[in-house]
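Please look through the model below alongside these notes, which are set out as numbered points for discussion. They begin with a single loop position and then turn to the helices around it.

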Amino acid sequence: MKTTVYRYSLRAAGILILLGLINWFLIAKPFGYQASEIVGYLSMILSLSMIFFAIRHFRLQYGNGVISFGQGFRIGILITLITSGVFFVYTALYFTIWGDSFKVWANDHFQTTMTPEQYQEFLIQMQQPLWNSPVFQGLVMFLTVFFIGLIMTLTSAMVLKKD
């Protein structure tokens with residue numbers, strides 16, 4: 001099980017990081033905030049589809065075509081935790097390196113899409129030290145990837161279960 005988990009976790013994390021970098025360098029600036037947000041969530045779903053393939057691989061290669069919901073869940077949740085952890089580190093590094101550029105880019109978007117009152121509230125919130133912390137940003141992304149991975153894990157374990 002360890003080999004399957006590690007192999008598919010690294011694939012999922014690699015896909016997520018690669019698509020995240022493509023999003024930032026090729027999509028976010030020319031196509032805007034909404035397009036970048038959509039691509040970001042689609043990247044998470046695409047990368048975490050490795051959970052389905054890992055459970056199926058384990059069932060076919062090691063389970064002789066049989067896997068319980070519990071086994072599938074364990075494989076999926078471990079992949080989710082490892083991928084989320086790797087993405088936490090990536091996000092913290094990303095905000096350390098490109099955080100200022102990201103803040104300017106996001107600020108430009110919100111300045112043009114909010115009312116002046118909403119924008120002033122937004123500026124006050126963004127000056128809180130927590131929002132400027134790469135660790136906090138990493139934690140937010142860890143939780144986002146984790147919850148999407150949890151849904152993918154439950155779905156995949158249920159669909160692929162064969163007792």
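1. G32 lies in the loop between helix 1 (2-31) and helix 2 (33-48), where helices are DSSP runs of H or I of at least four residues, strands are runs of E of at least two, and both are numbered from the N terminus. Leaving aside neighbours within four places in sequence, G32 is in contact (heavy atoms within 4.5 Å) with I27 and W105. The C-alpha atoms of G32 and W105 are separated by 8.9 Å, although the two residues are 73 apart along the chain.

2. Please bear in mind that this is a predicted model, in which local features need pLDDT of at least 70 and side-chain atom pairs count only at pLDDT 80 or more, while totals for chains, interfaces and linings use all residues. Residues are numbered from 1 along each chain as its sequence is written, and side-chain values use heavy atoms, with hydrogens and water left out.

3. The protein has six helices and zero strands, and its C-alpha trace spans about 60 × 25 × 25 Å along the principal axes.

4. Helix 4 (residues 69-113) deserves a separate look. A straight helix of 45 residues would span 66 Å at 1.5 Å a residue, whereas helix 4 spans only 45 Å between its end C-alpha atoms; the expected span is 1.5 Å times one less than the number of residues. Helix 4 bends by about 80 degrees at W98, the bend being the angle between axes fitted to the seven residues ending there and the seven starting there.

5. The axes of helix 1 and helix 4 come within 8 Å and cross at roughly 25 degrees, with axes fitted to C-alpha atoms over the stretch in contact and angles running from 0 to 180 degrees between N-to-C directions. That makes helix 1 roughly parallel to helix 4 (under 35 degrees is roughly parallel, over 145 roughly antiparallel, 65 to 115 roughly perpendicular and the rest oblique). By class, their contact has 22 nonpolar, four polar and one charged residues, where Ala, Val, Leu, Ile, Met, Phe, Trp, Tyr, Cys and Pro count as nonpolar, Asp, Glu, Lys and Arg as charged, and the others, Gly among them, as polar.

6. For helix 2 and helix 4, the axes come within 13 Å and cross at roughly 170 degrees, which makes helix 2 roughly antiparallel to helix 4. Y33, Q34, S36 and L48 of helix 2 make this contact with T83, W105, A106, H109 and F110 of helix 4, a set that divides into five nonpolar, four polar and no charged residues.

7. Helix 3 (residues 50-61) and helix 4 have axes that come within 9 Å and cross at roughly 140 degrees, and the two are therefore oblique to each other. I51, A54, I55 and F58 in helix 3 meet Q71, G72, I75, G76, I79 and T80 in helix 4; six of these contact residues are nonpolar, four are polar and none is charged.
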